[in-house]
Structure formats: structure tokens, C-alpha cells
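Here are a few exercises to work through with the model open in your viewer. Try each task before you read its solution.

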Amino acid sequence: MNGKMSGVVAEFHCGGGGFGELSLETKKSAAHRKHETSRKEAEDESRLPALEAAYTSILRELGEDADRQGLLRTPLRAAQAMQFLTKGYHESIYDILNDAIFDEDHDEMVIVKDIDMFSLCEHHLVPFFGKVHIGYLPNKKVVGLSKLARIVEIYSRRLQVQERLTKQIATSISEAVQPKGVAVIIEAAHMCMVMRGVQKMNSRTVTSTMLGIFREDPKSREEFLALSKHI
């Protein structure tokens, strides 16, 4: 190996951005995520008895016999299910995007559509569910496609209203990736309108949030709307 090449290799290993430094940062990040997961699991476990007792009380106030065979473990199962359905409170976008934003000279629209979404209406604690369509225009950076679905998961696994959920997804992508624009559309059926109240079986609610170029440029907005329908 000549002197010039040796110098390059030495500079790479000793300077910033070497494999060793990247590996160390990745290990630190993984250790932090593992610690946070353990802490959150411990918090959930400590709160489980109170939630279980609350569900037992609800069953009794409904006139049920909480001690009959079919309901003996229902309060525990319901408490665990509620913790799962609201696990997004314990997660942040930075937990999942840690190593998934990449430098890329791509300046055309990126769309991920038909992302399944399930959430709980904060007004009645009944489900609403549907599809999420996400588009963004990169600004020298792209994000791993599966991470867009994970972002939807983080914010939908909370007590929500669809309008806020749509905005939270768009805003979080905009802040994390800093693209030229973000567009989000959610189409959902709300069980509070199907199972109770007006009981309209075929009703759907559509909400959208447009940021950056998608709000400012009608042509970009129209392109996203057309592609999200016809892909």
C-alpha cells in the first residue's frame, strides 16, 4: 500500500464518520431503545391492576356478574388490550427513525398509499379505522418506506380524533425529514357513527393535511391527489 493510500485509510479510521464511530453510535442507540422498552413495559405492568379493577367495576355497573366463568379474565384481557391500543403514548417518531433517513439526490414525489390504520375515538372509546395515504417531496433526504407506516402506528395507537391524527402524521414527517412538502389523507369509518348514534353503515370520513409545496402549489397538490387515487 503506498503512502497516500495509507494516509487515506488512517484518516478514515481516526477521523469522524469512520466505521468504528458509526458502529458505536448504533450500539448506543440500540441500548437506549432497549432500556426505554423495558421501562415502558414495567410502567404498563405496574398500572395493570388498577385498569383491571376499573374494568371489573364497569362490568358490575352494567349489571353483569363479573365472577361468572366467561367474564373471570375479561377485565385483565380488556386492560391489556387497552394498553396495546394506546401504546403510541410511549413511543416517539425519533425512536423509529433513528437510522432510517438517508441522503439521496431524489426530487420527485414519493407516495405510500393504503396504509392500514386503526385507532380509538377519544369521545366514545370505540374504533375508527381505514386507510392512510402519505406523499412527500424530498429535499436531498429520503426516509425508509416502512417508517411511514410506523409513524401512522405511533399516532393512531392513542385516543384520537381523525382531524388531529392527520395533522400529527404530516407534521412529524415534515419536522423529521424536512422535505419540500408533505401531504396526508385519511379515509376512515367511525364505529361511533355505525354502531350507535345515527347508525349510518356506509359513511366515511376523509381528512387531509397539506404542508409546504402541497399547500402552496396547486399542480403538486393535484398530482398527489390523482396518484393517491389511481396507483
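## Exercise 1: a pocket and its lining

The second largest pocket of this predicted model is lined by D44, R47, L51, M82, Q83, T86, K87, Y89 and H90. Find which elements give two or more residues to this lining, and sort the lining by class.

Solution, step by step:

- Start with the elements: α2 (19-61) and α3 (74-85) each give two or more residues to the lining of the second largest pocket.
- Next, look for the top contributor: α2 gives the most, with 3 residues.
- Now sort by class: the lining has 3 nonpolar, 3 polar and 3 charged residues.
- Finish with the volume: about 160 Å³ of space lies in this pocket.

## Exercise 2: the partners of β2

Work out which strands pair with β2, and in which sense.

Solution, step by step:

- Locate the strand: β2 covers residues 110-121 and is mostly covered, with 9 of its 12 residues buried.
- Take β3 (residues 127-137): β2 and β3 pair in the antiparallel sense over 9 bridges.
- Inspect the connection: β2 and β3 form a hairpin with 5 residues between them, and L125 in the turn has a positive phi of about 60°.
- Turn to β5 (residues 159-160): 2 bridges join β2 to β5, and these strands run parallel. Here L120 stands opposite L159 in β5.

## Exercise 3: the whole chain

Describe the chain by its secondary structure, burial, contacts and surface.

Solution, step by step:

- Count the elements: the chain has 9 helices and 7 strands.
- Check burial: of its 231 residues, 36% count as buried.
- Consider contacts between residues at least 6 apart in sequence: 69% of them join residues at least 24 apart.
- End with the surface: the chain exposes about 14,200 Å², and carbon and sulfur atoms supply 55% of that area.

Definitions and conventions. Residues are numbered from 1 along each chain as its sequence is written. This is a predicted model: local features need pLDDT of at least 70, side-chain atom pairs count only at pLDDT 80 or more; totals for chains, interfaces and linings use all residues. Side-chain values use heavy atoms; hydrogens and water are left out. Helices (H or I, at least four residues) and strands (E, at least two) are DSSP runs, numbered from the N terminus. Buried means under 20% relative accessible area, exposed over 50%, partly exposed in between (1.4 Å probe, protein chains only). Contact means heavy atoms within 4.5 Å. Accessible areas come from the Shrake-Rupley method with a 1.4 Å probe; for residues, only the protein chains shown count as cover. On a 1 Å grid over the protein atoms alone, a cavity is a set of points where a 1.4 Å probe fits but cannot get out, and a pocket is an open set with protein on both sides within 12 Å along at least five of seven lines; lining residues have an atom within 4 Å of a point. Grid points are joined across faces, edges and corners, and a volume is the space filled by probe spheres set on the points. Ala, Val, Leu, Ile, Met, Phe, Trp, Tyr, Cys and Pro count as nonpolar, Asp, Glu, Lys and Arg as charged, and the others, Gly among them, as polar. Two strands pair if DSSP finds at least two bridges between them.
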